[in-house]
Amino acid sequence: MDASLTFKSGLKDVVPTLFGYIGVGLAMGIVANTSHLSVLAVLLMSLIVYAGSAQFIIISMLLAGSPVSAIVLSTFLINSRMILMSLSIAQYFKKESLAQNIALGSLLTDETFALSMNKLNQTHHQLRPRWLHAANIIAYLVWAVATVVGCLLGNLITDPNQFGLDFAVVGMFIGLLYLQIITDRSKSLKTQLLVVIFVAIAMFFLMRFFPGNIALLIAALLGCGFGMVVSPHD
Amino acid sequence: MTNYVLVTILLSGLVTWLSRVVPFAVIKNLTVPKWLISFLSFVPVAIMTAIFVESLLTYHAGHWPGFNLANIYASIPAILAGILTKSLLAVVITGVIAMALLRLVGLG
């Protein structure tokens with residue numbers, strides 16, 4: 001990753017994250033297939049909802065015949081971390097038009113957010129819409145194709161995790177987190193490591209009481225507050 | 001596809017889209033106070049840590065979380081690959097290969 005913020009470099013920078021989309025997308029398509037969802041339903045869900053873990057929950061709740069209101073509420077809770085990420089990244093696009101902001105936000109994911117935060121460390125804290133659009137659009141298309149292919153292959157492959165592809169997402173966050181810690185010069189290494197340790201411990205305690213997706217949001221909020229307290233004041 | 005599935009997809013899509021887009025509109029029209037900038041500056045490291053740690057734990061309602069040993073084992077070579085190469089792609093590929101090997105020997 002370098003300082004270039006062109007559309008082309010966006011296409012290039014997003015490549016390492018695509019393994020995650022392909023791995024999870026295939027798995028989701030296969031699960032959808034075994035849950036008797038049609039290819040069309042899978043495609044629409046990937047294009048309209050476009051959220052990995054939420055789509056797994058939606059499929060399992062549809063299969064269980066849960067009320068629409070319960071499914072929508074679960075989806076909102078799982079995806080509520082998007083609010084935090086969008087708030088965080090939106091600062092870099094304040095000068096762009098509202099339409100541009102809405103377009104950028106519409107396809108933002110955990111992955112393209114994390115990628116952008118890494119990119120900031122190479123570009124003197126600048127982002128450009130064309131760079132993020134490139135990353136967002138490729139991720140969006142790859143996700144839709146992977147879920148549909150998974151659904152079509154569903155009858156052939158019984159164990160999508162056999163090839164370790166489900167670990168691609170975890171691996172990607174390991175890489176992005178590590179690169180974030182070593183390249184973010186706006187904070188001391190010590191401050192960042194303290195936040196990492198705090199959030200990790202918070203996750204363990206919070207998951208005693210909340211499912212992972214909710215614990216994740218609370219831990220992240222607490223972690224931001226903790227970071228403010230422990231970072232040296234100027 | 002039944003109406004039930006279609007309505008669920010449309011409404012779930014709407015709440016997700018609003019979560020993504022409303023913050024952009026708010027920030028655009030707001031002078032962000034200094035404390036909020038400071039708070040938000042910790043979002044990347046906090047949220048990435050939380051997502052990573054979530055994948056290492058397993059939730060059991062009413063009990064302490066368990067450990068996802070396969071993910072923990074596969075994370076070790078992935079982290080080493082990060083330290084050695086500083087390449088995102090190398091971390092992902094190393095992790096996937098490690099997980100495939102773990103599954104092969106029945107540890108995954």
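Predicted model: local features only at pLDDT ≥ 70, side-chain atom pairs only at ≥ 80, totals over all residues.
Trainee: Is A:Cys224 buried or exposed?
Mentor: Buried means under 20% relative accessible area, exposed over 50%, and partly exposed in between, with a 1.4 Å probe and protein chains only. A:Cys151, at 2%, is buried, and because A:Cys224 has a relative accessibility of 0%, A:Cys224 also counts as buried.

Trainee: Which residue has a backbone oxygen 3.0 Å from a polar atom of the side chain of A:Ser9?
Mentor: A:Ser9 is found in helix α1 of chain A, residues 7-13, a helix being a DSSP run of H or I with at least four residues, numbered from the N terminus. At 5% relative accessibility A:Ser9 counts as buried, and, leaving aside its neighbours within four places in sequence, it is in contact (heavy atoms within 4.5 Å) with A:Ser4 and A:Trp131. The backbone oxygen that lies 3.0 Å from a polar atom of its side chain belongs to A:Thr6.

Trainee: What share of the area buried between chain B and chain A do carbon and sulfur atoms give?
Mentor: The contact takes 101 residues from chain A and 71 residues from chain B. Buried area is the accessible area (1.4 Å probe) that two parts lose on being put together, summed over both, and here it is about 7,400 Å². B:Arg20, B:Phe24 and B:Leu88 supply 11% of the area that chain B buries against chain A, more than any other three residues. The share of the buried area given by carbon and sulfur atoms is 79%.

Trainee: Which residue forms a salt bridge with A:Asp166?
Mentor: A salt bridge is a side-chain nitrogen of Lys or Arg within 4 Å of a carboxyl oxygen of Asp or Glu, and across the interface of chain B and chain A the rule finds one. The closest N and O atoms are 3.0 Å apart, and the partner of A:Asp166 is B:Arg103.

Key:
Residues numbered from 1 in each chain as written. Chains lettered and ligands numbered in written order. Heavy atoms only, no water. Helix = DSSP H or I, 4+ residues; strand = E, 2+ residues; numbered from the N terminus. Polar contact = N/O pair within 3.5 Å; in protein donor to acceptor, adjacent residues only side chain to side chain.
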